[in-house]
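Trainee: I have a structure open and want to talk through how it is put together. Can you take my questions as they come?

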Amino acid sequence: MSEPFIRTPTGIAVDLVADIRSWLAESAISAAGDATSLGNPVHRRLLGPIDLTADHDDPLAELQRQFAVEGSLGVMVATAQSSELTEEEAEEWIRSLQLILAATAARMALIDEDDVAALRGHDAWSVTTLQALISLLIDALDT
Amino acid sequence: MNEFDTDFLGGTDTLQKTDIPWDVILWNDPVSLISLVVRVIRKVFGYDKEKAERLTMAVHQEGKAVVWSGDKETAAAYCVALHGYALSATIQPTR
């Protein structure tokens, strides 16, 4: 099996099958949608309050965080079919893969490592695939 | 004593209230890879590898760790940067 991410002189070459690319794009769209849905566990996980001593966070800071999440996931959607990413796009992929992973964990209500170890089937595949992609992309970026 | 000095003394209470140090708390989560957390801590705070690894292991083993302390505005900015990588982080006054 070839490496899915390989450093090139101009960025990171991406060698992923079409199904994985489509799954990542759909997952990014889904995470972005759930992140902006008040009451959704993904919203609480990705955009929950940062100052637990206050009644609510600074609205401007909340908006900035929402834009940042949407921006990162938007880059993944826009570049899901690309054969090569720039350094900046690859960094946004790391953010996006993490955001998708956190969204996935929130939907599955994963609290601790035992919950993760108990996963089976497609749920287990989703988590381990995202973790593997993150690890491989970090290796390629930091080479 | 000139006017500037008087103003400064008059504002001492305010300075004490606003200058309370704040901690950035990084919380453990069950799916983020240790290698990812180390990388993000190094990238966000500029720590060396050893310090980033020590903090990451503290988060992993204790459930949370203070990863930075200082003024509230900067703490909030660091917290937002950690959230950009979907890491669970909060800020609170230093205890």
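This is a predicted model: local features need pLDDT of at least 70, side-chain atom pairs count only at pLDDT 80 or more; totals for chains, interfaces and linings use all residues.

Trainee: How many helices and strands does chain B have?

Mentor: Chain B has five helices and three strands. Along the sequence they come in the pattern α-α-β-α-α-β-α-β.

Trainee: And what order do the strands take in the sheet?

Mentor: In chain B the order is β2-β1-β3, in an open sheet with antiparallel pairing. The edge strands are β2 (64-70) and β3 of chain B, and each of them pairs on one side only. On average, neighbouring strands are turned by 30° against each other, direction ignored.

Trainee: How many bridges hold β1(B) and β3(B)?

Mentor: Strand β1 (residues 22-27) of chain B pairs with β3(B) over five bridges, in the antiparallel sense. As for a particular bridge, Leu26(B) has Ala89(B) of β3(B) as its partner.

Trainee: Which strands does α4(B) touch?

Mentor: Helix α4(B) packs on the sheet and touches β1 and β2 of chain B. The direction of α4(B) makes about 135° with that of β2(B).

Trainee: What about α3(B) against α4(B), what angle do they pack at?

Mentor: About 130°, with the axes 9 Å apart; α3 covers residues 34-45 of chain B and α4 covers residues 49-62 of chain B. With that angle, α3(B) counts as oblique to α4(B). The crossing of α3(B) past α4(B) is right-handed.

Trainee: Which residues make that contact?

Mentor: From α3(B) they are Ile34(B), Val37(B), Val38(B), Ile41(B) and Arg42(B). From α4(B) they are Lys49(B), Ala52(B), Glu53(B), Leu55(B), Thr56(B), Val59(B) and His60(B). By class, the contact of α3(B) with α4(B) has seven nonpolar, two polar and three charged residues.

Trainee: How much of chain B is buried?

Mentor: 36% of the 95 residues of chain B count as buried. Among contacts in chain B between residues at least 6 apart in sequence, 68% join residues at least 24 apart.

Trainee: Changing topic: how many residues of chain B are in contact with chain A?

Mentor: 20 residues of chain B, and they are in contact with 26 residues of chain A. On the chain B side, α3, α5 (72-83) and β3 (89-93) each supply at least two residues. Sorted by class, the side of chain B that touches chain A has twelve nonpolar, six polar and two charged residues.

Trainee: Is Arg65(A) buried or exposed?

Mentor: Arg65(A) counts as buried, because 20 C-beta neighbours lie inside 10 Å, and the cut-off for buried is 20 or more. Arg65(A) is found in helix α3 (residues 59-79) of chain A.

Trainee: What is Arg65(A) in contact with?

Mentor: Leaving aside neighbours within four places in sequence, Arg65(A) is in contact with Leu47(A), Val80(B) and His83(B).

Trainee: Last one. At what angle does α3(A) cross α4(A)?

Mentor: At roughly 110°, and the axes of α3(A) and helix α4 (residues 87-107) of chain A come within 8 Å. That angle makes α3(A) roughly perpendicular to α4(A). The crossing of α3(A) and α4(A) is left-handed. Residues in the contact include Leu73(A) and Met76(A) of α3(A), and Trp93(A) and Leu99(A) of α4(A). The contact of α3(A) with α4(A) divides into six nonpolar, three polar and three charged residues.

How values were computed:
Residues are numbered from 1 along each chain as its sequence is written. Chains are lettered from A and ligands numbered from 1 in the order in which they are written. Axes are lines fitted to C-alpha atoms, for helices over the stretch in contact, and angles run from 0 to 180 degrees between N-to-C directions. Helices (H or I, at least four residues) and strands (E, at least two) are DSSP runs, numbered from the N terminus. Angles under 35 degrees count as roughly parallel, over 145 as roughly antiparallel, 65 to 115 as roughly perpendicular and the rest as oblique. A crossing is left-handed if the near helix is turned anticlockwise from the far one by less than a right angle, and right-handed if clockwise. Two residues are in contact if their C-beta atoms, placed from the backbone, lie within 7 Å. Ala, Val, Leu, Ile, Met, Phe, Trp, Tyr, Cys and Pro count as nonpolar, Asp, Glu, Lys and Arg as charged, and the others, Gly among them, as polar. A residue is buried if 20 or more other C-beta atoms lie within 10 Å of its own, exposed if 12 or fewer, and partly exposed in between; C-beta atoms are placed from the backbone. Two strands pair if DSSP finds at least two bridges between them.
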